Amino acid sequence: MADAIAEAHTRKGTPLHNGDEQLLAAAVRGAKSVLEFGPGDSTQVFLDAGVERIVSLEYIDKWLEVARERFKDEPRVEIRKFTDTLPVVAETDEQFDVAFVDAPKGWPLQNRHKHEGYEDCSRFNTTLFALQHAPVVYLHDAYRPLERGTLGRLNAMGFQFEFIDGTHLGLARITRRNVIRPDSVDPQGAQESRSPAPRPKPERGRVPKRKRSRGRPDSEPVSA
Ligand SMILES: C[S@@+](CC[C@H](N)C(=O)[O-])C[C@H]1O[C@@H](n2cnc3c(N)ncnc32)[C@H](O)[C@@H]1O
């Protein structure tokens, strides 16, 4: 098992990208509880940031076992299973201060599981679940086309988002401020928008320090 853990956290492309740790630590500053989809190095970042309770959800049995082994001595972390379905089925009805979505993997070349009507999205199911359990949700890899599809759908439902600068594949901060009754949002309500969120143009030669762009802040909420 030790080898599996070592392999899991050294394989290229799986861990956090450069700069992500600092952004995630800042994202959970002051938070007591965090809900996470996709345990791993990010979970350790939240522990190091002083979060008191982390529920981290995994859907693949192999990685569930790896994560449970890695955090078995850490009472602040609970690793639980979820199903990669729409809607997500997961063992939690708690509310959290912040959520972080880094699963499912969602890359088309890696046998991504598609949900009918949401083929242009990745992590829509887990991000929507997270928004129903936390007022602020951070979506990892948010510049990728399918994650932008998810941001576009959520924006059409009345959720707001902004891209946070300083990470390779993007980090989006999504809030449910405008949604009147988030628990009763019907995912089908997003069907009306097929437009992915626009990708901000990166500035060449330097990493900008400030937030780059926002999803339509004055969008009307979709009544549930
Ligand atoms: C990008 S990983 C989660 C990473 C985690 N948030 C972190 O910061 O290390 C997303 C999903 O990929 C899968 N996964 C984890 N480790 C993996 C590995 N070494 N190779 C392939 N897939 C992996 C798991 O299903 C996990 O939920």
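The legends below describe close-up views of a predicted model. Local features need pLDDT of at least 70 and side-chain atom pairs count only at pLDDT 80 or more, while totals for chains, interfaces and linings use all residues. Residues are numbered from 1 along each chain as its sequence is written.

View A. β1 and β5 run parallel, joined by 4 bridges. Leu35 has Ala99 in β5 as its bridge partner.

**View B. Helix α3 and its buried face.** In α3, residues 41–48, the buried residues are Ser42, Thr43, Val45 and Phe46 (buried: 20 or more other C-beta atoms within 10 Å of a residue's own, C-beta atoms being placed from the backbone; helix: a DSSP H or I run of at least four residues). They fall within an arc of 155° seen down the axis of α3, so they line one face of the helix; the arc is that of the directions from the helix axis to the C-beta atoms. Just after α3, Gly50 has a positive phi of about 95°.

**View C. Two cis peptide bonds.** The bonds from Leu86 to Pro87 and from Ala103 to Pro104 are cis, with omega near 0°. Pro87 is in the loop between β3 and β4, and Pro104 in the loop between β5 and α5.

Key: A residue is buried if 20 or more other C-beta atoms lie within 10 Å of its own, exposed if 12 or fewer, and partly exposed in between; C-beta atoms are placed from the backbone. Helices (H or I, at least four residues) and strands (E, at least two) are DSSP runs, numbered from the N terminus. Two strands pair if DSSP finds at least two bridges between them.
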